[in-house]
Amino acid sequence: MTEIYDFAAIEAKWQKAWEDERAFEAREDPSRPKYYCLEMYPYPSGRIHMGHVRNYSIGDVIARQKRMAGASVLHPIGWDALGMPAENAAIKHGTHPQTWTLDNVAHMRTQLKRMGISYDWSREVNTCLPDYYRWNQWIFLRMLERGLAFRKESWVNWCSQCQTVLANEQVVGGGCWRCDTPVTQKKMEQWFLKITAYADELLSGHAALGKWPEHVLQMQKNWIGRSTGAHVRFGLDGTSKDIEVFTTRIDTIYGATFLVVSAEHPVVPDLVAGPKEKELGAWVARTVAEMRKRRDIGETEKDGVDTGKTAVNPFTGERVPVWIANYVLMDFGTGAIMGVPAHDGRDFEFARTYRIPIRTVIAPADRAGERFDAEPAEVFEQAGVLVNSGPFDGLASDKAMDEMGKFAEEKGFGRRSTIFRLRDWGISRQRYWGTPIPVIYCDGCGIVGVPDADLPVELPFDVKLTGEEGSPLERLESFVHTTCPKCHGPARRETDTMDTFVDSSWYFFRYCSPRETALPFRPEAAKHWLPVDLYIGGVEHAILHLIYSRFFTKVLRDFGLTDISEPFPHYLAQGMVTKDGSAMSKSKGNIVDPDEILARYGVDALRLFILFASPPDKEFAWAEEGLEGCYRFLVRVWALVLEDLDVFSAPAAAPGGPGDAAAQVIKKTHQTIRKVTEDIGIRFHLNTAISSIMELCNLTRKERDALRATDSGRQALRQALESIIRLLSPFAPHLAEELWERTGHQGLLMLSAWPAYDPALARDEMATVVVQINGKVRDRFEALPDLPEAELEAAALALPKIQAALGGKPPRKVISVRNKLVSIVS
């Protein structure tokens, strides 16, 4: 009988061997290509979940294969350990956040090591420790020196449950991103980072991110929100003041029949002054309160009030009414817009509601010569030709926008400009468990940065956590009261802490030299390892973390610490893990505990299943029967190899040509090596790589008896089994290491070479190519594998059936998929 597959003993044995050999430690080796593989580091909540298992297993397969393929691999891990959950948990359990956090880190570290993930634990970082967050403070101080960190009073997003401020990016659907509590607005003095200084570069940098999912890039583009247009000043009648608007369609300005300002606009007191001041003031106060309770104006019923005041359109000299409305916000543009109801759907709806005149000033190109005196029945928002626009009549929209922008500049009442939806990043948080902001307030010297020699400003441990409003640090006199480093007089410390997204905005730099003490990281080490070659994490971080990390990288570049502008040229957004039709969560009661699965099936079976059941970027639906199938496959591999150990003592080469079975298995072996190599290293199709290994295993089992009957067959069997072991190594590393040793090999498999294939043997005999016309299959033909697209398309167009279907007319478009398809649009 075959020896039982004792996965628990095998896992313990090889995890110890890897640790004893320090097999995963990265070394800067200029003689080898580098590969930096990184998964987003975890928050130490206490236990890993299946989302962690999937994310880290994906990265581990890539890292292991690259290492075997000859690369010097950096595959680090750390802990995103600061933040409100730890503080809230400490309050709930009556402990200190650091105690709670470090206990969780210790448990999760054990779990991750049990998973066999090939992390370089010598580079482990923990953001809650002073040796990490001192560099958050150092970077902040360099930003402060350059005007990239600043303090101002502003309306901020406030979560009453978390008792802290939230950045705009942390407000999701009007609620707190962590606890879903409805977010309100509060006016406070806050610290900001000037991310808007890099808005243009954050957009233009997308050109270098061709290996990012398109929908992620689009999410970032929408959030940054670049708008090109013009600022134009309308003079407020009876005053010396102007109301400045920003418009992307200055070509429609002759159709502006009203202005609308935000209820929070500074000109509002002038607008409400007069006989109706009490009535208008009450409406404004009510509207402002409602606006500050919500973030999204899209679904709000549009409400407005006519102030009775007018402003002068500088292009026409016409006086237009000034309204205050709830659908214009101060945090985009100027907080005022010109209402052009004939050519803007929102303005059209508002004008219809309040019976404001509607004037057509843009006509479709094919109607440019017609008269447009009557009010239109519907809005026309496209570009066209100007009408009813004085000296600009007859100009196309694009030409008119340029000419009218120049005219406004020449006359001094406007300018062509670009604005962004992106706002500066508010980083002040009124909680304890974060990086203290390294600033001192002195009555004589003002705002003073803490000297570098006094860093880190450490979190005091004798703080009392109550969950009450305001920072716990401000109630600790021993922390607050200090000495000004300039005049040495009495001063007080800043008691806000930094948004924890600061920690994760540069941690990938720290991994390059995690014990560096003179700088956040050693520039030479960063130059060797960065940029990250593959970054893996959830799409929920597309805006928050990924934009902030890109911003920090550009700032650190401008500090002279790095020469890269983009940290992650290749980002893989892995799909979530679901069960019973929804994402796994404690609240839904559909959590699957990895520890329980490991005890029943072992690490390798879990890794194999979670990688096999779905492509990495797609949603993964948990089904235990699939896990059982992967476990049975590993048992079959175990048995197949152990039953044929004798072939590994066969001669290295066999005389004579191989028989049919041997030739078939040899060819399949080389094809599988090629397929798995490309699926892991190029396409990241880990599920199809596993499927290919399974196919080779099945063929080898099927032909086993025939292979064992001849010397050449036994040699083919050995080659197939050895290749299966090596190809399985990234996916099921413990089993593969054990079988590598059992088959007489010396040294660790993970440090041996990745199997090579013979291109001639790995080629498919012929590829069957389907030919479609307008989506309908018209013919098929056999082609040499990997035929160039031009030759593939020429062969398809030469087919008699295709020529007949086209009727002698040239196709409008031809699209080809190598080895599979030619699609013709007639």
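Which residues in helix 17 meet which residues in helix 19? The points below take up this contact and then its surroundings.

1. This is a predicted model, in which local features need pLDDT of at least 70 and side-chain atom pairs count only at pLDDT 80 or more, while totals for chains, interfaces and linings use all residues. Residues are numbered from 1 along each chain as its sequence is written, and side-chain values use heavy atoms, with hydrogens and water left out.

2. From helix 17, Ile597, Arg600 and Tyr601 meet Glu624, Leu627, Glu628 and Tyr631 of helix 19, where contact means heavy atoms within 4.5 Å and helices are DSSP runs (H or I, at least four residues) numbered from the N terminus, as strands are (E, at least two). The residues of this contact divide into 4 nonpolar, no polar and 3 charged; Ala, Val, Leu, Ile, Met, Phe, Trp, Tyr, Cys and Pro count as nonpolar, Asp, Glu, Lys and Arg as charged, and the others, Gly among them, as polar.

3. The axes of helix 17 and helix 19 come within 11 Å and cross at roughly 35 degrees, the axes being lines fitted to C-alpha atoms over the stretch in contact, with angles that run from 0 to 180 degrees between N-to-C directions. This crossing is right-handed, a term used if the near helix is turned clockwise from the far one by less than a right angle, and left-handed if anticlockwise.

4. Helix 17 (residues 594-601) also packs with helix 4 (residues 97-114), at an angle of about 35 degrees and with the axes 12 Å apart, but here the crossing is left-handed. His107, Gln111 and Arg114 in helix 4 meet Asp595, Leu598 and Ala599 in helix 17, and by class this contact has 2 nonpolar, 2 polar and 2 charged residues.

5. The largest nonpolar core has 187 residues, of which Tyr36, Met50, Phe140, Met143, Trp425, Trp622 and Phe731 touch the most other members; such a core is a set of buried Ala, Val, Leu, Ile, Met, Phe, Trp, Tyr and Cys residues joined through side-chain atoms within 4.5 Å. Helix 19 (residues 624-643) gives the most to this core, with 9 residues.

6. Asn126, in strand 4 (residues 125-126), counts as buried because its relative accessibility is 9%, buried meaning under 20% relative accessible area (1.4 Å probe, protein chains only). Leaving out residues up to four places away in sequence, Asn126 touches Trp79, Ala81, Leu102, Val105 and Tyr132.

Terms used. Buried means under 20% relative accessible area, exposed over 50%, partly exposed in between (1.4 Å probe, protein chains only).
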